[in-house]
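Work through the exercises below with the model open beside the text. Each task is followed by a solution in steps.

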Amino acid sequence: MKAVIRTRSLPGLLLVLLLAALTMASPAAADTSVSTIGQALRKGPVYVDPAAGSVLSSDDADALAQRIKKADKPVFLVVLPAGYPATSFTTLRTATGITGLYAVRVGNQFAARADSSVLSNTAVQNLVSSVQGEDAKTQLTDFTDRALAGMGGSAPASWGGSSDGGGGVSGTALIVAGGVLVAGGAGAYTLVKRGRRRREEEQRAALDKLRVVVDEDITAFGEELDRLEFHPAEPGADDAMRADYERALDAYEQAKSYMAAATKPEDVRPVTQALEDGRFSLAQLAARREGRPLPERRAPCFFDPRHGPSVADATWTPPGGAPREVPVCAADQARLADGRDPMIREVDTDYGRRPYWDAGPAYGPWAGGYFGGGLLPGLLVGTLLGSMMSTPSYASDYGTGYGDFGTGGYDGGDVSGANFDPGDFGGGFGDGGDFGGGGDGGGDFGGGF
């Protein structure tokens with residue numbers, strides 16, 4: 001008898017489960033709590049509330065999600081209907097638990113916050129201000145493209161497949177899968193290991209790109225030594241000259257040795273530092289041979305360190321930037337005085353030849369070896385490289401270029417849970433929220449959205 005009851009109960013049980021699944025999958029019944037949004041963002045970069053489908057279509061949401069995944073950056077986009085209940089950025093960040101950049105559009109209002117290890121408060125403010133007043137698709141696309149160009153970190157390992165814009169059956173399935181991963185310690189370890197391996201691959205790729213430029217520097221210095229035509233036993237050579245020459249030769253050999261042993265971008269700093277030392281030794285040797293006063297120790301020419309030690313500081317204004325004093329060689333000093341462009345060191349990028357300060361983050365350690373101490377940040381203010389180097393995440397990936405290398409803590413895309421600075425995410429969003437331009441003075445996430 002019991003067996004008969006069990007057999008007849010199976011269809012009924014399956015029907016109940018099917019109805020429950022359909023209820024969960026129904027957009028009309030979707031739970032739009034912050035917890036649900038946070039869980040969805042763990043599996044994809046874009047969440048569109050079912051009630052906001054007319055604001056951003058599913059196809060547009062998918063396109064944005066794929067763009068973010070392809071760039072491998074921790075950008076999170078949320079689209080909510082007007083009148084959404086007031087909620088804080090801190091609550092959303094805690095619910096998601098992943099270090100990154102969070103942008104939210106509620107109705108026609110838009111704001112964003114980010115962990116300072118990913119993007120600075122100033123950068124967030126500028127990004128938000130640059131897209132205010134645009135329609136949803138244009139706004140989110142422009143914001144995403146501009147953010148991807150300058151932020152740090154990597155996409156969370158938990159992302160996979162294509163995004164569905166945050167709604168529907170796939171969203172429910174992803175939430176369930178996320179719960180399984182969280183519950184499994186082995187799975188968490190795998191994600192961490194995968195993230196570490198991905199970071200190592202990124203560093204190797206950055207070093208390979210940088211190696212071309214460093215090899216050019218080493219070759220140029222070797223050619224200077226060949227053109228020198230100095231012989232330690234030549235008439236008039238003294239011990240001081242021979243010491244200068246020996247230091248220059250040692251610097252050349254050190255640079256080659258350091259570069260051969262480099263395994264990550266930050267290892268390049270001692271290479272260019274050795275080259276800078278060598279060129280100063282050659283400048284001293286030249287002054288001794290010509291009977292001139294010995295030169296003071298100055299930074300190399302800002303526009304191209306291969307020009308050798310600078311002779312003066314000159315005012316220079318980068319395109320779109322503010323004027324600043326930079327160390328220049330005699331030739332570039334004359335060019336600037338005549339109103340001509342200096343001879344700028346350009347390197348290959350995916351977008352063609354660019355000045356080294358607009359060529360990518362890997363050039364920070366390269367420049368740091370030449371312009372050590374506190375000089376480099378001031379020289380690079382307002383440039384792409386300078387903006388990148390101002391973020392803690394940059395130091396973790398490439399070294400600061402002029403100080404400590406590696407900061408520890410959580411990088412962009414890391415799962416930090418509730419372990420983050422609440423000052424980065426101050427303010428709220430939704431009904432009555434403050435849609436400031438990315439900050440109100442209270443940390444990287446001041447204000448609301």
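**Exercise 1: A cavity and its lining**

Task: In this predicted model, find which residues line the second largest cavity, and state its volume and the classes of its lining.

Solution. Leu-275, Glu-276, Arg-279, Pro-300, Pro-305, Gly-308, Pro-309 and Tyr-370 line the second largest cavity. Next, take the volume, which is about 30 Å³ for the second largest cavity. A search of the whole structure with a threshold of 30 Å³ or more finds two cavities. Then ask which element gives the largest share of the lining: helix H10 (residues 269-290) does, with three residues. Finally, sort the lining by class: five residues are nonpolar, one is polar and two are charged.

**Exercise 2: Helix H10 and its partner H9**

Task: Describe how helix H9 (residues 239-261) and H10 are arranged, and which residues of each are in contact.

Solution. Start with the axes of H9 and H10, which come within 8 Å and cross at roughly 160°. An angle over 145 degrees counts as roughly antiparallel, so H9 is roughly antiparallel to H10. The crossing in which H9 passes H10 is left-handed. On the H9 side, the contact is made by Ala-240, Met-241, Asp-244, Tyr-245, Arg-247, Ala-248, Ala-251, Gln-254, Ala-255, Tyr-258 and Met-259. On the H10 side, the residues are Pro-270, Val-271, Ala-274, Leu-275, Gly-278, Ser-281, Leu-282, Gln-284, Leu-285, Arg-288 and Arg-289. By class, the residues of the H9 and H10 contact are 14 nonpolar, four polar and four charged.

**Exercise 3: Helix H6 with H5 and with H3**

Task: For helix H6 (residues 136-150), work out how its axis is oriented to that of helix H5 (residues 121-131) and to that of helix H3 (residues 58-71).

Solution. Take H5 to begin with: its axis and that of H6 come within 9 Å and cross at roughly 150°. H5 is therefore roughly antiparallel to H6. H5 passes H6 in a right-handed crossing. In H5, Leu-127, Val-128, Ser-130 and Val-131 meet Gln-139, Asp-142, Phe-143, Arg-146 and Ala-147 of H6. This contact of H5 with H6 has five nonpolar, two polar and two charged residues.

Now turn to H3. The axes of H3 and H6 come within 11 Å, with a crossing angle of roughly 0°. Angles under 35 degrees count as roughly parallel, so H3 and H6 are roughly parallel to each other. Asp-60, Leu-64, Arg-67, Ile-68 and Ala-71 of H3 meet Lys-137, Leu-140, Thr-141, Thr-144, Asp-145 and Leu-148 of H6. The classes in the contact of H3 with H6 are five nonpolar, two polar and four charged residues.

How values were computed. Residues numbered from 1 in each chain as written. Predicted model: local features only at pLDDT ≥ 70, side-chain atom pairs only at ≥ 80, totals over all residues. Heavy atoms only, no water. Axes fitted to C-alpha atoms, helices over the stretch in contact; angles between N-to-C directions. Helix = DSSP H or I, 4+ residues; strand = E, 2+ residues; numbered from the N terminus. Parallel < 35°, antiparallel > 145°, perpendicular 65-115°, else oblique. Left-handed = near helix turned anticlockwise from the far one by under 90°. Contact = heavy atoms within 4.5 Å. Nonpolar A, V, L, I, M, F, W, Y, C, P; charged D, E, K, R; others polar. 1 Å grid on protein atoms, 1.4 Å probe; cavity = no way out; pocket = protein on both sides within 12 Å on 5 of 7 lines; lining within 4 Å. Points joined across faces, edges and corners; volume = space filled by probe spheres on them.
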